[in-house]
Amino acid sequence: MKEKLVEYVKRELGISFENTEMLSTAFTHSSYANDHRERNLEHLERLEFLGDAVIELIVSEYLYKEYSQFPEGQLTKMRAAAVREETLAQLTVENDLQKFIRLGKGEAQSNGRQRKSLLADVFEAFIGAVYLDSGIENAREVLAKSLFPKITVGDFSHGMDYKTNLQEYLQKDGVVQIEYRVIDSSGPDHARIFKVAILIEGITQGVGEGSSKKRAEQAAAKEAFEKIKRER
């Protein structure tokens, strides 16, 4: 199992581990270690502790640099949404890492592999292991591929309402005409992708894509917002 995990992480995530035993530990639940006490195995909890802090630091840095127009309170809300249990559990599943988790018999029989808290713990432990083995840049690279795109397309839009921020920014000196227009949609009904253009005073200033019109509009507004701030 360890060899398959090492190979998978290298092939799919681009991370080569020097300390392969530590990578294995990141996927070892305490229930498995308890079931195999004679092997004196270390489990993931210490790596989870470290990974939690590493993820929060990297996400904080990303938000600070990418969203300079947002105040501290809004950045805090965005970070909380990005690093919450449900989000990290989703990253474990989307990267198909759950299949490598080592669980004790009882935990496995009680569907532990589907528990969000356990899945989130594994992702944190994995990031902690990456950080210790090859540094913060590789840990950042994993999050850049898996988590940052979710932030960009507005998965945590309750913390980053680009449409409102753009409107307030543009209209602080008077009324400005803003229009969102669907310019394309593709894919099957259950996995539709929308492309939306934002027109400001009749001129296209941004284009965004998303799995819903609302997400596409947020992405378009983000592009327009960043473009306009650069130009002013």
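I began with helix H8 (residues 116-134) and helix H9 (residues 136-146), whose axes come within 6 Å and cross at roughly 140°. That makes H8 oblique to H9, because angles under 35 degrees count as roughly parallel, over 145 as roughly antiparallel, 65 to 115 as roughly perpendicular and the rest as oblique. This is a predicted model, where local features need pLDDT of at least 70, side-chain atom pairs count only at pLDDT 80 or more, and totals for chains, interfaces and linings use all residues. Residues are numbered from 1 along each chain as its sequence is written, and side-chain values use heavy atoms, without hydrogens and water.

I noted the terms. Helices are DSSP runs (H or I, at least four residues), numbered from the N terminus. Axes are lines fitted to C-alpha atoms over the stretch in contact, with angles from 0 to 180 degrees between N-to-C directions. Contact means heavy atoms within 4.5 Å.

Next I listed who meets whom. From H8 come Phe123, Phe126, Ile127, Val130, Tyr131 and Ser134; from H9, Ile136, Asn138, Ala139, Val142, Leu143 and Ser146. This contact of H8 with H9 has nine nonpolar, three polar and no charged residues. For the classes, Ala, Val, Leu, Ile, Met, Phe, Trp, Tyr, Cys and Pro are nonpolar, Asp, Glu, Lys and Arg charged, and the others, Gly among them, polar.

**H6 on H8**

I then checked helix H6 (residues 85-94). H6 packs on H8 at about 70°, with the axes 7 Å apart. The two are therefore roughly perpendicular. Among the contact residues are Leu88 and Leu91 of H6 and Leu119 and Phe123 of H8. By class I found seven nonpolar, two polar and four charged.

**H11 on H12**

Helix H11 (residues 162-170) and helix H12 (residues 213-231) have axes that come within 8 Å and cross at roughly 35°. Their contact includes Tyr162 and Leu166 of H11 and Ala221 and Phe225 of H12. Its residues divide into eight nonpolar, two polar and four charged.

**The largest pocket**

Last, I looked for open space. A pocket is an open set of points on a 1 Å grid over the protein atoms alone, where a 1.4 Å probe fits, with protein on both sides within 12 Å along at least five of seven lines; lining residues have an atom within 4 Å of a point. The largest pocket holds about 160 Å³. Asn19, Met22, Thr25, Glu42, Arg46, Leu47, Phe49, Leu50 and Leu132 line the largest pocket. Which helix gives the most to this lining? I found H4, with four residues.

Terms used: Grid points are joined across faces, edges and corners, and a volume is the space filled by probe spheres set on the points.
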